[in-house]
Amino acid sequence: MTQPDATRDDATVVAFSVPDMDCPSCAGKVENSVQGLDGIEDVDTQITTGKLTVTYDPERTDEDALVAAVEAAGYEVTDRPGADADEAATSVWKSSRALKTWTSGVFVALGFLLEFLLTGSNVGIAEVLGTELLVSDALFLAGIVVGGQAIVRNGYYSLRNVSLDIDLLMSVAILGAIAASLAFGERLYFEAATLAFLFSVSELLERYSMDRARNSLEELMELSPDEATVRRDGEEVTMPVEAVRVGDSVVVRPGEKIPMDGVVVGGESAVNQAPITGESVPVDKISGDEVYAGTINEEGYLEVEVTAESADNTLARIVELVEDAQSNRTEREQFVERFSSYYTPVVVGAGILVGVVPPLLLGGAWATWILRGLTLFVLACPCAFVISTPVSVVSGITSAAKNGVLVKGGNHLEAMGAVEAVALDKTGTLTKGELAVTDVVPLNGHTEEEVLRCARGLEIRSEHPIGDAIVEAAEGHDVEAREVAAFESITGKGVTADLGGRTHYAGKPGLFEELGFDLSHVHAATDGGVVTAKSRNLCDRNGCLDLLEDLVPRLQSEGKTVVLVGTEDELEGVVAVADEVRPEAAASVQRLRDLGVERTVMLTGDNERTARAIAEAVGVDEFRAELLPEEKVEAVEQLTAEFEAVAMVGDGVNDAPALATATVGVAMGAAGTDTALETADIALMGDDLTRLPYLYDLSGRANRVIRQNVWTSLGAKAVLAAGVPLGLVPIWVAVLVGDAGMTTAVTGNAMRLSRVTPELEASGD
């Protein structure tokens, strides 16, 4: 009946599946009915998923009362949130509602034959209130009874819940046409029957279209298998994933889906991570590597130690965030909701005036003008107009999720499509973030081993990627560790610590200039064969180096970051660290430019020469170097002052302030990273920069689709409404075009977003 509930403080949150809640008016009735209960704190209806989430006080109401309230609005609570495409089609077109609709259609068709073609057989069979009832009239009434049951029933629930929606308006139109036939002797049974039949068809089309939209999200939910093979007490046991616990060892054979998030503890294989990260090429996994639920083991045997329960794994969080994304409404969606709150009452009022004023003041025929007024009633419900935006947002967000991009709200999707400038962090975004030591230049009589030993002691407690690279290089050379005390990080400059009772420093050249060093005249170590060939070429005949004019610029021009190591009195050596530019970075930046981004800017805390080398390699329009974290924020603020919308792309942790400052914050490599998933507006699940231009393209297309849907549906309603008083729009056209046609059209247009795919691959091709 319900999906798993959660408790928040003293309130309870519970989610129900209400699949028949597939239009704004449906959601309004359900919401009004539930809010009428005592103890309700919040009601969230999602028509694009058929999901109802209620926050309530368990001491004042319970789940049974909530279910009863939903049923009192005329809707059924079911066990399943959705079905696949084939099941959805079958359930719609072979449902009891569909069978009644087809039967109604047969009656309408037979009545039409007698009314307009076989007129000789269309004889009178009875007299009702002084009006003769023909055989065709009886057939039309039969069609109304069969096809209009659900409409009038839902109209009754709408009236009871004080909801001026399409069901109530259609009920009034059908019953009004019958009443006019009896009261004025004008036979409007054909119009009423046609209205009942065509509106039932439109409801089926609307449900089918909505099921198609829901199916895109359902495919995400179905990525994770229902069962897992767990090794316990030396035996393999197959059990539901809900029964698997953290620490269990899960066995995954070739071709099987990995059922849980975890770490490989046995075996090795290539894993297809496309369902989570969007990567097109399988990733090799060995012991110690992280794997995600829903990914596919391609070829080898794997044993995985579970690190998260099924409800908390990466895939489950993605599905939850995609569902919740609907609550973050776009500006256009908010406009549509405000507009529709005025639209329906105005058009209903116009319908009343059209039906009453001409007969009273101009001597028009009552039946004719009442029918035109009822036709306006049919056009008064803005279903297609209201649904045009959310169905587009859901289609875009689920399409993104399938391609490794998690968008945490329709507002962020809309904002990304309007971005004019993109700021990108260097390390881990434009580069791989896999730093390695490339050069060690000993100075003042020290050896390479001594420089690495000192650098390791200083960086062992640092959390910076450069520090990690230096420590890794020292360990690779079996350099002995030193005793470390009084460690301190100097923000944006380097680190300091006591090594063997003496204060040492490691950091940018500027740090040592502040300590009073003359970096233009430094003695190089030239004995013992320690200096590398590259380093020896930098020494003059007297063994001296000009660090600021020769060594440092030369290393930085090669895209390397330079770290000096020494004490307050002596410079011991230079360590150069480099990070490889992502092979897809240049193509991704160019693709952004081709798609319409006006400016791309690289932001980095690295020195200007290194930054220039990377910027030239990837082709950004400009770069800003040697930035402290707060200066990155200032750089983003300057961009937002110049451009309407700015996106900041970073790692989701170190760049958090800048990500939060930008119009849209985009985190790289968020799969398995709770912080990035929670803090970013948009998360690129894998370390694949090609997903950035794909995201921009998708967002731009989504904005265009939303505009098309909103204005086309609104324009169609306006044209039809203008033609009604002139007698140009019969009631069946209002139903077929204004309701069924436009709802199907906007949904189909929105589903085009599911076909948008990345044009670039990670290789940069």
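Q: Which residue of β20 does I490 stand opposite?
A: In this predicted model, I490 stands opposite G494 in β20.

Q: And how many bridges hold β19 and β20 together?
A: Strand β19, which covers residues 484-490, pairs with β20 through five bridges, and the sense of the pairing is antiparallel. The two strands make a hairpin with three residues between them, and in that turn G492 has a positive phi of about 75 degrees.

Q: What does β20 pair with on the other hairpin, the one with G500?
A: That hairpin is formed by β20 and β21, with two residues between the strands, and G500 takes a positive phi near 60 degrees there. Six bridges link β20 to β21 (residues 502-507), again in the antiparallel sense, and L499 stands opposite R502 in β21.

Q: Is β20 mostly covered or uncovered?
A: Strand β20, residues 494-499, is mostly covered, with five of its six residues buried.

Q: Switching topic, what is the strand order in the open sheet of six?
A: The order is β8-β7-β9-β15-β10-β13, and the pairing in this sheet is antiparallel. Because β8 (235-240) and β13 (290-291) stand at the edges and each has a single partner strand, one side of each is left without a neighbour in the sheet.

Q: How many bridges join β10 to β13, then?
A: Two bridges join β13 to β10, the strand of residues 262-267, and the two run antiparallel. As for residues facing each other, V263 stands opposite E290 in β13.

How values were computed. Residues are numbered from 1 along each chain as its sequence is written. This is a predicted model: local features need pLDDT of at least 70, side-chain atom pairs count only at pLDDT 80 or more; totals for chains, interfaces and linings use all residues. Side-chain values use heavy atoms; hydrogens and water are left out. Two strands pair if DSSP finds at least two bridges between them. Helices (H or I, at least four residues) and strands (E, at least two) are DSSP runs, numbered from the N terminus. Buried means under 20% relative accessible area, exposed over 50%, partly exposed in between (1.4 Å probe, protein chains only).
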